Amino acid sequence: MKSLNTNSMKRIFFLLLFPLFASTQEYPIFITEEGHIVVQVQVADSITGNFILDTGAGANVLSGKMFSRIKTQAQKAGYFSGFRHDGDRLDSTAFQIPYLAIGEIKQVDPIVGIYPPLDDYGIDGLLSLKFFEDKPFTIDFVNQKLKFPAPGSSVEVDSPKITLPLSIHQHTNVPLDIFIPIQLNDSLEVLAEFDTGSGYGAYIINTNYIQDLGLDTTQVVKQPYTTQFSHEERADHTYTLSSISISGEASMIRKE
């Protein structure tokens, strides 16, 4: 399972318990019609770009054009391999750059990967959870703001609020991902990657769960496609689920 994103979720809040910083900070974000969160990020002195805040990206990523602008300030830091949701393998050279910053909130000497296809979408990079690993923050979908609370202050959440356990996955010092428990068809509990980069309505389930859910394979809708990098011919299998819910809470998403 890759992600859980939906229009019905008015606000998504993250509170990671790590050391705090000096003062409250708020920065504007732009949320696209597809549900992608865009925030302005400073990559080096006098160089800024529009990044997608992508909690499922794993690592911080620069577009090809953005990397070309700061290439002289980047130092090679090895290699890293990752996988897209469709199974395509990504092999990238890793670079250390001076910093990434949102306003006064800065990550010094981050490791980044390069993903040239972002140029085709006019996006300068992906800002992953790695940027936030030592910074408590909230994403306010209603007011379209990214907030970094002041030391000792509490996060204000409209009632009713839902608290979920997070499963944190970290491999080496480069990527960082989080997973939450959800329930499919009110019966099967799985861990889903909490991925703001997938946009609204993106529910991708491992095909191994088809049998576990007792789905009628004769009702599947197949959509062929070619993977972006390996150019393999594959097919999406679309099923209808009666419900998707956050485990331990009332059903939040219903698919008829």
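# Close-up views of a predicted model

View 1. Asp-134 is partly exposed because its relative accessible area is 39%, where buried stands for under 20% relative accessible area, exposed for over 50%, and partly exposed for what lies in between (1.4 Å probe, protein chains only). The model is predicted, so that local features need pLDDT of at least 70 and side-chain atom pairs count only at pLDDT 80 or more, while totals for chains, interfaces and linings use all residues. Residues are numbered from 1 along each chain as its sequence is written, and side-chain values use heavy atoms, with hydrogens and water left out. Asp-134 forms a salt bridge with Lys-135, and the closest N and O atoms of the two are 2.9 Å apart; a salt bridge here is a side-chain nitrogen of Lys or Arg within 4 Å of a carboxyl oxygen of Asp or Glu. Lys-135, with a relative accessible area of 5%, is buried.

View 2. The structure holds five salt bridges, and one of them joins the side chains of Lys-130 and Glu-133 at 3.2 Å, N to O. Lys-130 is buried because its relative accessible area is 9%, whereas Glu-133, with a value of 23%, is partly exposed. In another salt bridge the side chains of Arg-89 and Asp-91 meet at 2.8 Å, N to O, and Asp-91 counts as exposed because its relative accessibility is 53%.

**View 3. Gln-107 and the residues around it.** Gln-107 has its place in strand β10, residues 105–108; helices (H or I, at least four residues) and strands (E, at least two) are DSSP runs, numbered from the N terminus. Gln-107 counts as buried, since its relative accessibility is 11%. If neighbours within four places in sequence are left aside, Gln-107 is in contact with Asn-60, Pro-98, Tyr-99, Leu-100, Lys-130, Phe-131, Glu-133 and Lys-135, contact meaning heavy atoms within 4.5 Å. The side chains of Gln-107 and Asn-60 are also joined by a polar contact of 3.4 Å. A polar contact is a pair of N or O atoms within 3.5 Å; within protein, one atom must be able to donate a hydrogen and the other to accept it, and residues adjacent in sequence count only if both atoms are side-chain atoms.

**View 4. The largest nonpolar core, and Leu-127.** The largest nonpolar core has 45 residues, of which Val-43, Leu-62, Ile-70, Ile-102, Leu-127, Phe-132 and Leu-146 touch the most other members. Strand β4 (residues 37–44) gives the largest share of this core, namely five residues. A nonpolar core is a set of buried Ala, Val, Leu, Ile, Met, Phe, Trp, Tyr and Cys residues joined through side-chain atoms within 4.5 Å. Not counting residues up to four places away in sequence, Leu-127 touches Val-39, Val-41, Phe-51, Ile-52, Leu-53, Asp-54, Asn-60, Leu-100, Ile-102 and Phe-132.

View 5. Ser-46 has its place in the loop between β4 and β5 (47–53), and its phi is near 70 degrees, which is a positive value in a residue other than glycine. Ser-46 counts as exposed because its relative accessibility is 72%. Gln-144 is found in the loop between β13 (137–140) and β14 (145–148), and its phi, near 50 degrees, is likewise a positive value in a residue other than glycine. Gln-144 is partly exposed, as its relative accessible area is 28%.

**View 6. Strand β18 and its partner β19.** Strand β18 (residues 221–226) is hardly covered, for the count of buried residues among its six residues is zero. β18 pairs with strand β19 (residues 233–238) in the antiparallel sense over six bridges, where two strands pair if DSSP finds at least two bridges between them. Within this pairing, Thr-226 stands opposite Glu-233 in β19.

**View 7. Gln-183 and Ile-244.** Gln-183 has its place in strand β16 (residues 177–184), and it counts as partly exposed because its relative accessibility is 23%. Gln-183 and Ile-244 are 61 residues apart in sequence and 5.8 Å apart in space, C-alpha to C-alpha.
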